[in-house]
Amino acid sequence: MSKDYVRPDGRLKNQLREFKVEVGVLDRSEGSAKVNLGNNMAMASVFGPREMHPKRLSRSDRAIVRVNYRMATFSVDGYKRAVPSRREKEISKVLSEAFQSVVLVKNWPRSVVDVHVEIFQSDGGTRTAAALAITAALADAGIPMRDLIGGIASGIYEDQVCLDLTGLEDMKGSGDMPILYSPAVDEISLFQLDGLFTYDQFKEAYESSLTGIKGMVEVIREALKEKYVKIREEFGVDDEDVSSDDDMSKEEVQLDEDESSDDDMSEETFEKPSFSAVIAQVDEKSETKKEKKVDEKSETKKEKKVDEKSETKKEKKVDEKPKKKKKKKKSKKSSTELPDVDDEDDSWFTKPEEKEKEEN
Amino acid sequence: MADFELIVNSIEKNHINKLLDDGRRLDGRTLNQFRNIKIETNVIDKANGSALIHLGKTKVLCGVKLTFGVPWEDAPKKGSLFVGFETTPMASPDFRSGPPQPNQIELSRVTDRLIRESGIIDLEKLCIIEGEKVWQLNIDVYALDNFGNLFDAAAIAAVCALATTSIPELSIKKGEVTQLETSKPLEINSFPVSVTTSKIGEHYIADAELKEEQIADARFTLGLTDDHIVSGQKGGENGIKSGKIMEILDNSIQIADEIRKIIKEQLPK
């Protein structure tokens with residue numbers, strides 16, 4: 001009986017919402033990711049490891065992963081005040097602790113890995129959506145981690161244990177249990193619970209969450225691979241070519257980058273265009289994903305992406321004190337993006353229902 | 001995260017670990033044993049209900065104040081409830097005055113969830129005039145002395161203060177509310193207890209004292225009533241093996257039953 005229970009949005013008890021991950025969606029940060037989990041839309045970006053400010057928060061033997069979880073003013077029904085709420089501060093804290101447990105923090109004493117995650121649209125389970133975006137963004141930034149983290153908020157709706165609650169189910173339901181879990185190291189990194197769970201409900205919710213999370217982590221892993229598969233296709237090289245010519249190609253790329261960045265660009269002009277370029281890029285990415293088409297625009301952009309990646313990789317190898325140099329290069333990087341300016345696409349901001357219709 | 005940590009030196013750390021290997025602890029307790037709980041109620045006359053809790057050397061003070069408020073739009077028949085936790089600088093050298101720090105916000109919100117979700121107070125009984133006027137229940141917990149495990153101490157304090165809260169009687173005539181001299185006790189519907197388990201190495205201990213708390217890898221707090229799990233929060237910078245969660249739950253339920261008895265014995269009838 002309870003197995004056939006159908007939820008308000010037509011899902012079964014253990015059925016998750018549609019889950020999409022894209023990595024490398026932002027260019028200024030070292031790593032970034034966008035997650036769509038049902039109607040939730042979360043975006044995360046990673047800066048660092050870099051020097052900790054304020055200094056008193058630094059630790060002599062390790063880096064701190066500092067997650068800043070925020071919800072956009074337009075992300076909820078009504079208008080959310082821009083000041084960080086106590087809820088946001090609590091979630092930032094628990095997310096920081098969760099990622100502190102998987103990132104190899106002992107690699108960078110006295111530093112900080114800054115993670116900013118913003119919920120642009122919320123519909124239940126925003127902290128797990130945020131966590132999924134953070135995992136992907138950290139991996140995209142090349143931050144070494146013991147494992148990826150996946151997460152599901154399960155709960156009780158109409159006396160049924162349901163996985164991945166929507167906002168409606170969360171509000172009308174009688175229990176909510178967000179969990180973050182890393183399957184490979186088999187560790188719970190975040191656990192919160194509120195509501196009324198009986199022992200059996202607790203057990204059911206907990207165990208089915210873990211099963212669901214394992215699947216989600218695979219989706220993230222695929223999204224990360226996909227990015228590099230695309231880069232490889234772009235250059236049309238095999239594994240062996242990559243390994244042998246690795247350093248040479250990087251050198252070339254580096255030179256190109258430096259030359260092109262000699263153009264003078266004032267501070268104000270590059271900021272805005274690079275953002276719209278990102279918007280365009282995001283949309284193209286999702287389109288190519290769905291339709292398996294590669295058009296010219298996305299090709300050129302992908303090239304740019306490759307350049308930047310290899311650039312930052314190189315930096316990490318060569319530089320012992322990456323901070324100052326990086327700052328310079330960042331501005332260069334952005335100025336090279338100017339030719340990519342493309343304003344035609346603002347469909348990124350359309351509501352997900354419309355978007356889904358388009359896609360279908 | 002506190003701004004700076006109280007550092008436990010490695011000799012002491014090793015000592016604690018070695019003791020735990022033998023199933024012993026610094027202060028001679030067993031792994032699942034809570035420190036002594038001592039409860040004083042009605043310590044603040046100005047408050048509608050209050051309790052001073054000693055959990056070993058940890059001390060917290062809770063006061064409950066009833067004020068008039070306006071109900072939330074989506075719940076016109078329900079009173080409102082607020083739980084706050086103040087990490088006063090007097091309690092510990094690493095608590096600072098000023099705007100609430102993340103650890104303070106976490107303590108507040110975890111205690112709030114425990115009280116709210118347990119249904120200990122029937123909020124509908126706090127309604128005075130539907131959609132217009134309700135009782136607002138302000139529960140504030142002040143840390144006085146932090147010797148570890150503020151989470152559980154705060155929960156005990158809040159529940160005990162609520163259990164001794166009296167609510168002023170009102171006369172309502174033509175929509176006008178006047179407060180009478182008399183009062184009646186606030187009804188308590190459940191008895192939630194918080195149990196915090198700390199992970200040190202491969203050991204799991206209940207009610208960590210200060211030094212144990214400082215060296216703990218992770219913390220797992222569960223709020224439990226007689227028959228339900230009402231709140232939960234994992235903290236700390238390390239993960240907990242997935243298989244351990246159900247063990248911690250089973251253990252916590254047993255401990256909660258014991259603590260509940262101890263608390264009930266000390267509360268005035």
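Me: Why are H2(B) and H3(B) called oblique to each other?

Reply: The axes of H2(B) and helix H3 (residues 150-163) of chain B cross at roughly 45° and come within 10 Å. Axes here are lines fitted to C-alpha atoms, for helices over the stretch in contact, and angles run from 0 to 180 degrees between N-to-C directions. Angles under 35 degrees count as roughly parallel, over 145 as roughly antiparallel, 65 to 115 as roughly perpendicular and the rest as oblique. The angle of roughly 45° therefore makes H2(B) and H3(B) oblique to each other. Helices (DSSP runs of H or I, at least four residues) and strands (runs of E, at least two) are numbered from the N terminus.

This is a predicted model, in which local features need pLDDT of at least 70 and side-chain atom pairs count only at pLDDT 80 or more, while totals for chains, interfaces and linings use all residues. Residues are numbered from 1 along each chain as its sequence is written, and chains are lettered from A and ligands numbered from 1 in the order in which they are written.

Me: Which hand does the crossing of H2(B) and H3(B) have?

Reply: The crossing of H2(B) and H3(B) is right-handed. The term applies if the near helix is turned clockwise from the far one by less than a right angle, and left-handed applies if anticlockwise.

Me: Which residues in H2(B) and H3(B) meet?

Reply: From H2(B), B:Leu107, B:Val110, B:Thr111, B:Leu114 and B:Ile115 take part, and they meet B:Leu150, B:Phe151, B:Ala154, B:Ala155 and B:Ala158 in H3(B). Contact requires C-beta atoms, placed from the backbone, within 7 Å. These residues comprise nine nonpolar, one polar and no charged. Ala, Val, Leu, Ile, Met, Phe, Trp, Tyr, Cys and Pro count as nonpolar, Asp, Glu, Lys and Arg as charged, and the others, Gly among them, as polar.

Me: Why are H1(A) and H2(B) called roughly perpendicular to each other?

Reply: The axes of helix H1 (residues 86-100) of chain A and helix H2 (residues 102-118) of chain B cross at roughly 110° and come within 9 Å. H1(A) and H2(B) are therefore roughly perpendicular to each other. In this contact, A:Arg86, A:Lys89, A:Glu90 and A:Lys93 meet B:Pro102, B:Ile105, B:Glu106 and B:Arg109. The residues divide into two nonpolar, no polar and six charged.

Me: What joins strand S9 of chain A to S12(B)?

Reply: Four bridges join S9 (residues 187-197) of chain A to S12(B), and the two strands run antiparallel. Strands pair if DSSP finds at least two bridges between them, a condition that the four bridges here meet. A:Asp194, for example, has B:Ser231 in S12(B) as its bridge partner.

Me: How many residues of chain B are in contact with chain A?

Reply: There are 28 residues of chain B in contact with 29 residues of chain A. On the chain B side, S12(B) gives the largest share, seven residues. That side has 10 nonpolar, nine polar and nine charged residues.

Note on methods. Contact = placed C-beta atoms within 7 Å.
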